[in-house]
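This report covers metal sites, salt bridges and selected residues of one protein model. The sequence and structure come first, and the description follows.

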Amino acid sequence: MKAVLFEQFGQPPRVQNVPDPTPSAEGVVIKVEATGLCRSDWHGWMGHDPDVVLPHVPGHELAGTVLATGKQVTRWKKGDRVTVPFVGGCGRCFECNSGNHQVCEHQFQPGFTAWGSFAEYVAVDYADTNLVALPESLDFETAASLGCRFVTSFRAIVDQGRVGPGDWVAVHGCGGVGLSAIMIAAAMGANVVAIDLTPEKLDFARQMGAVATINAREVADVVEAVREITRGGAHVSIDALGHPTTCFNSIANLRRRGRHVQVGLMLGEHSRPPVPMDRIIGWELEILGSHGMQAFRYQAMMAMIETGKLSPRKLVGKRIGLEEAPAALMAMDRFEGLGISVITRF
Ligand SMILES: [Zn+2]
Ligand SMILES: [Zn+2]
């Protein structure tokens, strides 16, 4: 099969011919129909993720059809249209048994713990626990955009942030994660303030449901600007970018007993950012993470997509071919373009 492969961290990946994958006993092989490009792939390529072993094929936001199933797989068959969360739980450990597959002790991550979906085919483990059937109404490219940023944002807003109607929600960074978070928070009835550095992304954020926007280049103090708009601070705030500055601002712009959810990855030199711990104690702030979402929670999200309350299709930006993926991957840290880029030609 054709796959995007890199042999050294930080060296240009190339489209190469590699052996077709075979399913493990509990796994499946999926014919990839669409796969999203994400900054996590860039981190993996740069060598920031200890799970990545060379040579490597990135890609973790995928949708496709089941091509082959392992001996122990009972719930899926050839031809099924599916997607998977980027963290697949083993289904047996303490965390999985408590319903928290997203922090499984033996998690499978396509494109990180194994070769991923920047390829014609991808092998996925623990299929019975993690595969999600796609409704007929959901096309592959929209489904591919769900697997990482959209589900992580859904969990961040709904399950971790516990956003309610009328809450003020601040979203720092209007890339794929941030735009997803804005759409989901608005659907939950919250008032969303979006923060970014470019007017185009802030315009897009308004289209996704933000009621106010802040251009961080144009205000003296982002935290004060959020406080003023929200009359005292956000109830819930999301760092959707993953940078020491946005992380700090997202915590500092909360009102008393507010909740910060870190969604943007902080790896490498940014893995230990300074936080206003004095404020966290004095105001009883909550600091939460969001790391994917369990396959069983897709049901609620899919229901909101099918009824039109959420429309992830609006977040799909560029559609590209596999040959264009190496250059697009290397450019992921430059934050160019609007929405989510998806590989749709293999
Ligand atoms: Zn597990
Ligand atoms: Zn991702």
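Donors here are N, O and S atoms within 2.8 Å of the metal (3.2 Å for Na, K and Ca); water is not among the atoms, so sites may look incomplete. This is a predicted model, in which local features need pLDDT of at least 70 and side-chain atom pairs count only at pLDDT 80 or more, while totals for chains, interfaces and linings use all residues; side-chain values use heavy atoms, with hydrogens and water left out. Residues are numbered from 1 along each chain as its sequence is written, and chains are lettered from A and ligands numbered from 1 in the order in which they are written.

**Zinc sites**

Along the chain, the donors of the zinc ion (ligand 2) follow the spacing C-x21-H-E-x86-C. Within this set, E61 in strand 4 (residues 61-69) and C148 in helix 5 (residues 146-160) link distant parts of the chain, 87 residues apart. Helices (H or I, at least four residues) and strands (E, at least two) are DSSP runs, numbered from the N terminus. The donors of the zinc ion (ligand 1) follow the spacing C-x2-C-x2-C-x7-C.

| Zinc ion | Protein donors | Distance from the ion |
|---|---|---|
| ligand 2 | C38 (SG), H60 (NE2), E61 (OE), C148 (SG) | 2.0 to 2.4 Å |
| ligand 1 | C90 (SG), C93 (SG), C96 (SG), C104 (SG) | 2.3 to 2.4 Å |

Four donors count as tetrahedral if all angles lie between 85 and 135 degrees. Around ligand 2 the 4 donor atoms subtend angles of 93 to 121 degrees, so the arrangement is tetrahedral. The 4 donor atoms around ligand 1 subtend angles of 102 to 118 degrees, which makes that arrangement tetrahedral. The ideal angle for four tetrahedral donors is 109.5 degrees.

Buried means under 20% relative accessible area, exposed over 50%, and partly exposed in between (1.4 Å probe, protein chains only). Both E61 and C148 are buried, and C90 and C93 are buried.

**Salt bridges**

A salt bridge is a side-chain nitrogen of Lys or Arg within 4 Å of a carboxyl oxygen of Asp or Glu. By this rule the count comes to 12 salt bridges. One of them joins the zinc donor E61 to R149, with the closest N and O atoms 2.6 Å apart. E61 lies in strand 4 and R149 in helix 5, so this pair ties together parts that are 88 residues apart in sequence. E61 has 0% relative accessibility and R149 has 6%, so R149 counts as buried.

R92 forms a salt bridge with E26 at 3.1 Å between the closest N and O atoms. R92 is exposed, at 53% relative accessible area, whereas E26 is partly exposed at 26%.

**Selected residues**

P110 lies in the loop between helix 2 (94-97) and strand 6 (121-124). The C-alpha atoms of P110 and P58 are separated by 7.7 Å, although the two residues are 52 residues apart along the chain.

S153 lies in helix 5 and is buried, with a relative accessible area of 1%.

Notes. Tetrahedral: all angles 85-135°; square planar, octahedral: opposite > 155°, others 65-115°.
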